[in-house]
Structures are given as C-alpha cells and as structure tokens.
Amino acid sequence: MSITSAPSSAPSPAADLPGGRSDLVIVGAGIVGLAHAFEAARRGLTVTVIERDWQPVGASVRNFGHCCITAQRDDLLELAYRSRSGWLEAAKSSGLWAREAGALVVARSTTELAVLEELRAERGADTVRLRTAEEVADELGRGAESGDIVGGAFLPDDLRVNPREAAPDLAAWLSIQPGVTVVWGTNVTGVEEGIVHTSRGPVHGDRVLVCVGHDLDRLYPTAAEEHGIERCRLTMARVTAPDAFRTDAAVLTATSMLRYDAFTATPSSPRLREEVLGHSPELLDVVANIMFTRLPDGTVLVGDSHAYGRTAIPFEDEATSRLLIDAAAGVLGADELQVTERWQGVYASSARGPLLVRDMAPGVRAISVTSGIGMTLSFGLAAATFDESLAATA
C-alpha cells in the first residue's frame, strides 16, 4: 500500500457508495474498526468503512489516550503487545501523534509500593522500573516536595496517543489510500452474508466486520444480551496543568491498581483494596480510577468514575466530578485544578469477559471490546483477526 500524507481537515460529506464488491466491509469507524481497516489495507485488501456519524465521536475519542500495555495479563497481554507494534506502525504511516512515553504509577503507601514490587518480581526490572519518592515527585512537577508519596514505578512499554485526534487522523489518512473507502453519515440497518444494508443502499463485501462497541445491541440485541453488554459511563474532565507538570507518561494511582489485571493478581492487591476502602471509600463508591494524561497542548485529561447500565443516562453528578478533580490535585500537590471542559465517556462493558468475538452469519463477524481497553487492544485484535488466530467466543 502506498503511503500518502493525511489531510488535516475534518471528514468531507459522505462519498458515493462504492460500486462493485470490497474484500472487506467494516461497520464502525471507531478505533477497533479503523485498526482493522489499517491492517486489511496493509495486507493488500480492498476495504469499505461505514460510519453513521460524520466523524468518530464515541469511546475512541472520549478516553485518556493511554495504551495500557503492561497492566494486562495472559492472552490480553500478548494482544496488547501486538497492538503496541500496530500503533507504532500506524503512527509511522499516517503521522498521528504517538509517544513511547510509558506510564508512571504513583505509590502513596507501603501497600501500594508492595503491589508494584510484586509486579516487578513477576515481570522483571526492565518492564517495571521502581522509582524513589523523590523521582516520582520530580516527574509530577512537584520538585523535591514528595509529600505523602513513598515511591512508584515506571512502565516503559505503555504508549500514549491523543484520543481527540488519533481515530479522526487515522480515518482521514485511510480515506486517501488506494483501495480504501470511508463512508460517513451512513446508518447501517442490517447485515447478512456478503451485504451490508445502509440508509444509502447496499454495500457488498466478501467479509464483514461489525465493530460498533456498545452499540452492538442496535444491530444484534440478542448477541449483546447473551454477552451481558452494558454501557459504562465515565465522568471525565480536561484541566489546566500545573506549570511544572510536563510528562507525557500516563499517571496512575492506587485506584488504577485496583482495576487492571496485572496489579489485581499480585498478593498484596486484597490488602490494597481494604486500605483504600478504609481511607477513601467514596472513591470505591463511584468505582474511581484516578489517573491523568497530558495532551500535546499541555492540558491534562483527568478522571474517571464508572457507572453501568444498558442505557447511558446523560446526567452528570457534580459531586463525583469534584471528587475526581480533588483527588488528582492531591496527587499533583496542587491546591486546585482549573477545569476547562467536562464530558461523559462511554464504552462497552461486560462481566462475562473482556471481548465479544462472534460469527453472526457466514463471513460476518462482530468484534467488541467489553472491558474499556479498546485503545489498548485495537491493533492487536486486527492482526489476530487476519492471522486467523482470533477465535470466536460465542
């Protein structure tokens, strides 16, 4: 596939539907669908991507832009590392912003530090690099004032991308590649073997991938119900960074260690949960993951809380928002953080497993990440799909 510079403008109005038949039709221009389009085109396939909106606006642009590689386990860890390679290849080809910036995990108690030491013992000193309290404080821009920080760890394999631009930029670049068509503003009304029915007419393809995340219930309600898919709502904000905070690394805290499998598998994890419950039960009440990432413009994305349901209720609780902002300010050693923007994140979630991979008809497969790590796994899932190593789960 030849490489052409990506346009900087927003997506243009929908192109005419492609004539003839594509090797692959992808429903959904979120990061999972676009990663599959990138991988397919890289392998010489013709691709049509169909998106109901005029640009990516769902889970793929509402997150931290953190590719959380190191904190995965088992099969997901392998997929995450494959995805890391895919992200870097996509960044090299398309010019999207991606940094091998890693993640900094802040420890503010000896129990938190014990979790990191245990993960280091399992993964090795190159993958989990312990940091002193002073080193962590300096990385956060707190200078020598470490406060209640007792140490931390740097995870060099984690990646950072700009969630506001990664999917839109990749879609724009794909749209000008030979053999790739991206159709915007076109609703998919049904899928059957070889045909995707849309509001603009039928689109034909030898294979069809349905990559619509939590909206799988719009096309396949029974499959979504059988997998227990819900919508996870996130309370998030963008803030003005303290002057000294400059790291591109994702910053994680104790509540992050309570969410990701690599941390929760350590012997000290149960003790950490009890500790957080003792001093900050309100964070567990809102299922908080106190973390933040810096955008290229210097502002910082802060979050998040988690609430689950089949419908994403639009109303946000100000007390929850303030709780998250104040907790982040405490990690940064700031008196307060100035909020410039708030929004509600959303992603597919299921207690039955992190992935839905299901063959809906001959040549038609649905793929949804149901654990909030779609950015992390996207390119790994795409590679596994075309290697025929991604087995259907239902």
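Val239 belongs to strand S13 (residues 230–239), where strands (E, at least two residues) and helices (H or I, at least four) are DSSP runs numbered from the N terminus. The model is predicted, so local features need pLDDT of at least 70 and side-chain atom pairs count only at pLDDT 80 or more, while totals for chains, interfaces and linings use all residues. Residues are numbered from 1 along each chain as its sequence is written, and side-chain values use heavy atoms, with hydrogens and water left out.

**Surroundings of Val239**
- Val239 is buried, at a relative accessible area of 1%; buried means under 20%, exposed over 50% and partly exposed in between, with a 1.4 Å probe and protein chains only.
- Leaving aside residues up to four places away in sequence, Val239 touches Thr299, Val300, Val302, Ile325, Leu337, Gln338, Val339 and Thr340, contact meaning heavy atoms within 4.5 Å.
- Gln338 is 99 residues from Val239 in sequence, yet their C-alpha atoms are 5.4 Å apart.

**Helix H5**
- Eight of the nine residues of helix H5 (residues 166–174) are buried, among them Trp173.
- The cover over these buried residues includes helices H1 (31–42), H2 (74–94) and H13 (374–386), together with strands S8 (159–161) and S9 (180–183).

**Aromatic rings**
- Rings of Phe, Tyr and Trp (its six-membered ring) pair if their centres lie within 6.5 Å, and planes under 30 degrees apart count as stacked, over 60 as edge-to-face and the rest as tilted.
- There are four aromatic pairs by this rule.
- Phe38 and Phe379 form an edge-to-face pair, 5.9 Å centre to centre with 80° between the planes.
- This pair links helix H1, which holds Phe38, to helix H13, which holds Phe379, across 341 residues.
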